[in-house]
Amino acid sequence: MMTDWEVVIGLEIHAQLATKSKIFSGSATTYGAPPNVQADLVDLAYPGVLPVLNGEAVRMAVKFGLSIGAEVARRSVFARKNYFYPDLPKGYQISQYELPVVKQGKLAVMLDDGTVKTIGVTRAHLEEDAGKSLHEGLANASGIDLNRAGTPLLEIVSEPDMRSAKEAVAYMKKIHTLVRYLEICDGNMQEGSFRCDANVSVRPRGREKFGTRAEIKNLNSFRFVEKAIHYEVARQVDLLESGGTVLQETRLYDSDKDETRSMRSKEEANDYRYFPDPDLLPVHIDEEFIEAVRATLPELPDEKAARFAQDFSLSTYDAGVLSASRELGAYFESVVAALGAGHAKLAANWVMGELASALNRDNVDIVFSRVSPKYLSDLLLRIVDATISGKIAKEVFEAMWSEGKTADAIIEAKGLKQITDSGAIEGVIDAVMAANPKQLADYRSGKDKLFGFFVGQVMKATEGKANPGQLNELLKAKLGSS
Amino acid sequence: MSLTRQDVEKIAHLARLSITEQEMPVYVTSLSSIVEFVDALSRVHTGDVLPMAHPLDGQQQRLRADVVTESDHHEKFQANAPAVQAGLYVVPRVIE
């Protein structure tokens, strides 16, 4: 009999905190600087230097904790995680171990089918990033760039609550949305500002005990997370069904080959010998600090989605999409403000439809959209006041997008104004009826489906400019009266 | 608690130390006696003592303002490095 396997996934997400300077030194954190120009004596681990904690990194961690309803530790401790690697000059990474700054919290995640699942967040702790090793262009050697060394990270550790790759991606996207809302991380995955490790195991459904897990390191896109988990689950199931056992190990996802493979070097280094860092005092956070941070919390994604659904009578799905980023939410709200809440659904359809696909197609961020909220709402107002039809509006939108002009200018220039003069529409209908006597006879003898044919002919003759509602009405009357 | 030769080999490996055959017995004995010395603490009743992470735990960790204070001195720092190329510190090849 085939075993029904249940997948168990936990994620460790590394969010690079958007501070100007590093977590323990006054070096800059700007991305893309020439190698090693942003690495000072502390980052290089010169003898005798001491780390000094960046208050902004602590504030950002607390902000995250409050946003997931977690308890903020009144006392947290930095520890040394000891291992040797050339991109880690000190021989240890300063992290938090037994006493992290953010304790247990939780996050509601909406899945594709619309159901909401709550995922536990075990903890979130502050730590420093390591440098970068580069292997290209050097014969038998590696080059080390320490610009990234000491960059503040918030490691967000989930409970093993996810049961599929899709759930894992949905959770990761939610955290991604959240950290950008909080403005504590730019979320740029290409630049490595947001990445994750996935702990994956399988167990026969119904069994309580977890299977042995493998940890897949450094996944830096949502697609890779999904693909790596799929591959890893299939690998473990194959292994178990053929009588083998899963090893607890660290694996690397190779996106070119779409497979995970063992990182043997990391196995023996697994004994990190954590101990409290004597260079740093425990961090005490008082009520006043926490309340000051709480006062800076923005409207959170779930709150915004609930408000959109409530105030604008949108579906949960639409409200969720439109609140996926602060910028998108703000864009949508300014369009609705200009149109009136009664037309929120129209605004939602256009923002999620034409606008989103144009942004996607040209890979433009909504902040830099070539059609501003004002221009879009002006266009939609022309649908509302029946100057143009929805179909023509799409044509106008494309022209606005490529030419950067207002809707009115394009409607005027292209002569797209809708025909709402009944007499004019009737004239066209008469001509169409006269030109198609056979279809007219067929229609009148019961072929109702030909109605669409007549609509099409009139639209063709008017270049799509006949007001659709009026056309329907007039056509029905004309065709019916023999 | 006394350490075995395997314990010492593992610790040496983790610390990237190479210990010769002649040195090995000395390390096993000396390290064991250090560990035994510290083990004396486990005979003390500490059930109601909070773990102390730092001798100055009563003090506040000072927080630094998020300001960039350091400028680029990589040429000066790299003068101390054994090998440098194109601004990178060059080390023996490490690759997964």
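**Ground rules**

I number residues from 1 along each chain as its sequence is written, and chains are lettered from A and ligands numbered from 1 in the order in which they are written. Since I have a predicted model here, local features need pLDDT of at least 70, side-chain atom pairs count only at pLDDT 80 or more, and totals for chains, interfaces and linings use all residues.

**Chain A, overall**

I started with the secondary structure and found 16 helices and 15 strands in chain A. Helices (H or I, at least four residues) and strands (E, at least two) are DSSP runs, numbered from the N terminus. I then looked up the radius of gyration of chain A: 30 Å, well over the 23 Å that the globule rule gives for 482 residues, so the chain is more spread out than a compact globule. That radius is taken over C-alpha atoms, and the globule rule is 2.2 Å times the number of residues to the power 0.38. The C-alpha atoms of chain A fill a box of roughly 95 × 60 × 50 Å along the principal axes.

Buried residues come to 41% of the 482 in chain A. Buried here is 20 or more other C-beta atoms within 10 Å of the residue's own, exposed is 12 or fewer, and partly exposed is in between, with C-beta atoms placed from the backbone.

I also checked the domains: chain A is assigned domain 1 (5-293), domain 2 (301-414) and domain 3 (422-480). The bounds come from an automatic or database domain assignment. The C-alpha centres of domain 1 and domain 3 of chain A are 64 Å apart.

**Chain B, overall**

Chain B has three helices and two strands, and along the sequence I read the pattern α-α-α-β-β. Its radius of gyration is 22 Å, well over the 12 Å that the globule rule gives for 96 residues, so chain B is more spread out than a compact globule. The box for the C-alpha atoms of chain B is roughly 55 × 45 × 25 Å, taken along the principal axes. Buried residues make up 7% of the 96 residues in chain B.

**Where the chains touch**

I get 44 residues from chain A and 32 residues from chain B in the contact. Two residues are in contact if their C-beta atoms, placed from the backbone, lie within 7 Å. On the chain A side, α1 (55-67), β7 (132-134), β8 (141-145) and β15 (283-284) each supply at least two residues. β8(A) gives the most to that side, with five residues.

**A sheet with strands from both chains**

Which strands make up the open sheet of four strands, and in what order? I read the order as β7(A)-β8(A)-β2(B)-β1(B), with antiparallel pairing. Two strands pair if DSSP finds at least two bridges between them. β8(A) and β2 (residues 88-92) of chain B are joined by four bridges and run antiparallel. The edge strands are β7 of chain A and β1 (84-85) of chain B, each pairing on one side only. Within chain B, β1(B) and β2(B) pair in the antiparallel sense over two bridges, and B:Gln85 stands opposite B:Leu88.

I also looked at A:Asn140, which is in the loop between β7 and β8 of chain A. A:Asn140 counts as exposed because it has 6 C-beta neighbours inside 10 Å. From A:Asn140 to A:Ile429, 289 residues apart along the chain, the C-alpha atoms are separated by 80 Å.

**A second sheet, in chain A**

An open sheet of three strands in chain A has the order β4-β3-β14, with antiparallel pairing. β4 (92-96) and β14 (275-276) stand at the edges with a single partner strand each, so one side of each is left without a neighbour in the sheet. Five bridges join β3 (residues 78-82) to β4 of chain A, and A:Arg80 has A:Ile94 as its bridge partner.

**Helix α10 of chain A**

Last, I checked α10(A) (residues 373-384): 12 residues, reaching 16 Å from first C-alpha to last, close to the 16 Å expected at 1.5 Å a residue. The expected span is 1.5 Å times one less than the number of residues. Buried residues of α10(A) include A:Tyr375, A:Leu376, A:Leu379, A:Leu380 and A:Ile383. Their cover includes α8 (326-339), α9 (344-361), α11 (390-403) and α12 (407-414) of chain A. A:Ala386 follows α10(A) and has a positive phi, near 65°.
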